Structures are given as structure tokens and as C-alpha cells.
Amino acid sequence: MPTVARMVEEIVGCKWSLAVLGRIRAGVTRPGAIRTSLAGLSTKVMNERLSKMLRFGILTRHSYDERRPRVEYSLTLLGRKVASILDQIETLQAELDAPEPARESAPPESRAR
């Protein structure tokens with residue numbers, strides 16, 4: 001199992017990983033729908049990102065044995081934890097992007113030094 005730091009590097013270091021993860025979190029679980037919902041994402045890159053997140057244990061793949069086979073992806077428990085960390089990063093970015101007066105009104109211990 002790779003270290004958490006390595007996993008975060010691999011996921012956060014690629015804009016497509018975050019975008020694919022975001023789509024799955026939003027309920028877009030089928031590969032074709034993921035690809036078409038992200039302009040510029042190729043099938044090859046999408047499959048690489050999905051495979052990597054499967055290897056890390058962030059996603060699980062469900063294959064349905066139907067007349068027209070379908071595949072869906074979902075977050076694992078680890079994937080939900082990673083998503084929670086990404087939410088915190090987005091919150092921090094929003095705070096940093098806020099106008100100065102909003103940042104100044106924060107308690108001193110919560111301001112960046």
C-alpha cells in the first residue's frame with residue numbers, strides 16, 4: 001500500500017483526478033457520463049485516473065452483468081475520507097480568496113502567520 005503522502009501527490013497533482021473524483025462525488029458514476037461531463041478529458045486519461053484511484057482504494061468498480069453491460073464507480077470509505085480532506089482544502093482556498101476585511105474579522109488564532 002502506498003503512503004498517504006504519495007497517494008495525495010498522485011491525486012492532487014493531476015487536475016483530471018480531482019475533476020473525475022468531483023464528478024463521482026456529485027453522482028456521475030458511469031465512465032461515459034464522466035468523460036462527456038468534462039470537456040477536454042480523453043478516454044485514455046480518464047481510464048488512467050480511474051485505474052489509479054482503484055489501485056489506491058479510493059474508488060470501487062461495479063460491473064453489472066446485463067444485456068448491455070455497464071460499469072459504475074463509487075467512493076470507498078477511504079475515498080470519502082480523501083474527499084473530506086479535499087473539502088477542507090477548498091474551504092481554506094475560499095478563506096484565502098475572501099476580501100481582506102473578512103479575513104481580518106477572524107479570531108487571531110485562526111489567521112495564517
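Reader: What covers the buried residues of α4?

Author: In this predicted model, the cover over the buried residues of α4 includes the helices α1 (4–12), α2 (15–25), α3 (31–37) and α5 (77–97), together with the strands β1 (59–64) and β2 (70–75).

Reader: Which residues of α4 are buried?

Author: Buried means under 20% relative accessible area. In α4 that applies to Met-46, Arg-49, Leu-50, Lys-52, Met-53 and Phe-56. Seen down the helix axis, these residues fall within an arc of 160 degrees, so they line one face of α4. The face turned away from the buried side carries Lys-44 and Arg-55, which are exposed.

Reader: Where do nonpolar side chains tend to be in soluble globular proteins?

Author: They tend to be buried together. Here the largest nonpolar core has 23 residues, and those touching the most other members are Val-20, Leu-21, Ile-24, Ile-58 and Leu-59. At least two residues of this core come from each of α1, α2, α4, β2 and α5. The helix that gives the most is α2, with five residues.

Reader: Which residues is Ile-24 in contact with, leaving aside neighbours within four places in sequence?

Author: Ile-24 is in contact with Ile-34, Leu-50, Leu-59, Tyr-73, Ser-74 and Leu-75. One of these, Leu-50, is also among the buried residues of α4.

Note on methods:
Residues are numbered from 1 along each chain as its sequence is written. This is a predicted model: local features need pLDDT of at least 70, side-chain atom pairs count only at pLDDT 80 or more; totals for chains, interfaces and linings use all residues. Side-chain values use heavy atoms; hydrogens and water are left out. Buried means under 20% relative accessible area, exposed over 50%, partly exposed in between (1.4 Å probe, protein chains only). Helices (H or I, at least four residues) and strands (E, at least two) are DSSP runs, numbered from the N terminus. The arc is that of the directions from the helix axis to the C-beta atoms. Contact means heavy atoms within 4.5 Å. A nonpolar core is a set of buried Ala, Val, Leu, Ile, Met, Phe, Trp, Tyr and Cys residues joined through side-chain atoms within 4.5 Å.
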